[in-house]
Amino acid sequence: MSGSYDDSVGVEVSSDSFWEVGNYKRTVKRIDDGHRLCNDLMNCIHERARIEKVYAQQLTEWAKRWKQLVEKGPQYGTVERAWCAFMSEAEKVSELHLEVKGSLMNEDFEKIKNWQKEAFHKQMMGGFKETKEAEDGFRKAQKPWAKKLKEVEAAKKAYHAACKEEKLAISRETNSKADPALNPEQLKKLQDKVERSKQDVLKTKEKYEKSLKELDNATPQYMENMEQVFEQCQQFEEKRLRFFREVLLEVQKHLDLSNVASYKNIYRELEQNIKTADAVEDLRWFRANQGPGMSMNWPQFEEWSADLNRTLSRREKKKASDGVTLTGINQTGDQVSQPNKHSSVSSYEKNQNYPTDWSDEESNNPFSSTDANGDTNPFDEDTSPAMEVRVRALYDYEGQEQDELSFKAGDELTKMENEDEQGWCKGRLDNGQVGLYPANYVEPIQ
C-alpha cells in the first residue's frame with residue numbers, strides 16, 4: 001500500500017504507517033473508491049428491481065394459469081373458492097412487488113445517481129477534482145518533511161560507512177603489529193589511517209545527529225499539516241457514509257412489505273376465504289346437483305308419431321332439457337344453491353356430443369344407435385370425421401367417469417375432436433380406448 005514520493009526517491013519505507021512517505025495515497029484512493037461504491041450500490045439496487053419485476057410477472061402468470069386449471073378442473077364449491085383465493089393473493093402481491101420495483105428505480109436509484117453527480121466532479125484531463133485536491137494537499141504537507149528525511153537517510157548512510165571503514169583500519173593495524181615484514185613507515189601509514197577513520201566517524205556522526213534533530217523539529221508541523229488534509233478527506237467520506245446509511249434505510253422501507261397495510265389485508269382476506277371452506281356444504285351441494293338429489297326424466301310410454309324425424313339419444317335429451325322444468329322425483333327434497341360452475345362435474349355434461357355408453361340390457365331398445373343387424377340407426381345425425389391431431393399430456397389425469405380417459409404426464413394420444421364450450425376434447429389412446437379429457441391438460445406435438 002505504500003507509495004513513492006517524487007522528492008524522496010531512494011527513501012525506504014520502514015512500516016505501513018500513514019506517516020511514512022507516500023502512504024497518504026490510501027486516503028486519496030478512498031475518494032475514488034467512494035465514486036465506484038456509488039456505482040456498485042446503484043447496480044445492486046437495479047438488479048434487485050429486476051428481480052422484483054420478474055417475480056411479479058411470474059406470480060401473475062402462475063395465478064392466471066392455475067386459476068384456469070382450477071376453474072376447469074373437478075374441484076367445486078367453497079373449497080374451489082378457497083383455492084382460487086391463492087391466485088387472487090398472487091395477483092395482489094404481484095402489484096405490490098411492481099410498486100417495490102418502481103420505488104427502487106424511481107426513488108433510490110435516482111437519489112444515488114444525483115448525489116454522486118453533485119459530490120464528484122470530473123476533470124477534463126481525467127479523474128475527479130476532489131481526488132486531485134487531496135493529492136495536492138498531502139503532497140504539499142509532506143514535501144518539506146520528506147526532504148529532511150532524505151537528508152537523514154544520506155547522513156545515516158555516510159556515518160555507517162565511516163564506522164565500517166574505521167573498524168577495517170583498526171583490524172589492519174592490529175594485524176600489522178604481528179607481521180615482522182612491515183617496516184616502521186608502513187606501520188605509521190596504517191596508524192594514520194586509523195586516526196583519519198576515527199575523525200570521519202566523528203564528523204559523519206555529528207552530521208547525522210544534526211540532520212536527525214532537524215527532522216525531529218520539523219515533525220510536529222508535518223503532522224499538523226497532514227492531519228489538516230486528512231480531516232478534510234474524513235469529512236468528505238463522512239458525507240458519503242451517512243448518505244449510504246440513509247439510502248439503505250429507504251431501500252429497507254421499500255422492501256419491507258410487512259409494514260404495508262394493503263399487504264397485511266391480502267393475507268387477512270386470504271385466511272378468511274380459506275376458513276369459509278365448508279366440506280359439509282360442498283357435499284350437500286354435490287348431492288343435490290350431481291348426485292341422488294337430482295331430478296330425473298324417468299322413462300315413460302311414448303306413442304309412435306309419424307312426425308318423429310329422429311330419435312334423441314339419452315345425452316341429447318339431457319342437453320335439450322336445459323331450461324325445461326323436469327317432471328321427476330327429487331329424492332332428497334333439498335336443492336342446495338351454489339354458483340353453477342359446471343352443469344355437472346363429470347364429462348357427461350362437459351361434452352354432450354359424446355354418445356352415452358349403454359348397458360347390455362338395452363340391446364332391444366328400438367332407439368339404440370345400432371340395430372340387431374349392426375346397421376346404423378337411420379335417425380342418428382350424420383357425423384363428419386374431424387382432422388385427428390397427435391397431442392402430449394402435460395399433467396396426470398384420472399378419468400372420473402366411464403367415458404373419460406386416464407393418462408400420465410408425457411403420454412401421447414390422438415385428439416379426434418376440437419375443444420367444446422366446456423373445455424373438453426374427444427380423443428383416443430394408443431390402446432384404442434376412446435373418451436373425453438380436459439383440453440388444457442395436453443399440448444400439440446410439434
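Is C38 buried or exposed? C38 is buried, with a relative accessible area of 0%. This model is predicted.

## Cysteines

C38 has a relative accessible area of 0%. Buried means under 20%, so C38 counts as buried. C163 is another case. Its relative accessible area is 26%.

## Helices α1 and α3

Helix α1 spans residues 25-72, and helix α3 spans residues 129-177. Their axes come within 9 Å. They cross at roughly 170°. Angles over 145 degrees count as roughly antiparallel, so α1 is roughly antiparallel to α3.

Which residues of α1 and α3 meet? From α1 come K25, T27, V28, I31 and D32. From α3 come E130, T131, A134, E135 and F138. The residues of this contact divide into four nonpolar, two polar and four charged. Among the residues that meet are K25 and D32 in α1, and E130 and E135 in α3.

## R240 in helix α4

Where is R240 placed? R240 sits in helix α4, which covers residues 184-255. R240 has a relative accessible area of 6%. That value falls in the buried class, because buried means under 20%.

What does R240 touch, leaving aside its neighbours within four places in sequence? R240 is in contact with G34, L37 and W115.

How values were computed:
Residues are numbered from 1 along each chain as its sequence is written. This is a predicted model: local features need pLDDT of at least 70, side-chain atom pairs count only at pLDDT 80 or more; totals for chains, interfaces and linings use all residues. Side-chain values use heavy atoms; hydrogens and water are left out. Helices (H or I, at least four residues) and strands (E, at least two) are DSSP runs, numbered from the N terminus. Buried means under 20% relative accessible area, exposed over 50%, partly exposed in between (1.4 Å probe, protein chains only). Contact means heavy atoms within 4.5 Å. Axes are lines fitted to C-alpha atoms, for helices over the stretch in contact, and angles run from 0 to 180 degrees between N-to-C directions. Angles under 35 degrees count as roughly parallel, over 145 as roughly antiparallel, 65 to 115 as roughly perpendicular and the rest as oblique. Ala, Val, Leu, Ile, Met, Phe, Trp, Tyr, Cys and Pro count as nonpolar, Asp, Glu, Lys and Arg as charged, and the others, Gly among them, as polar.
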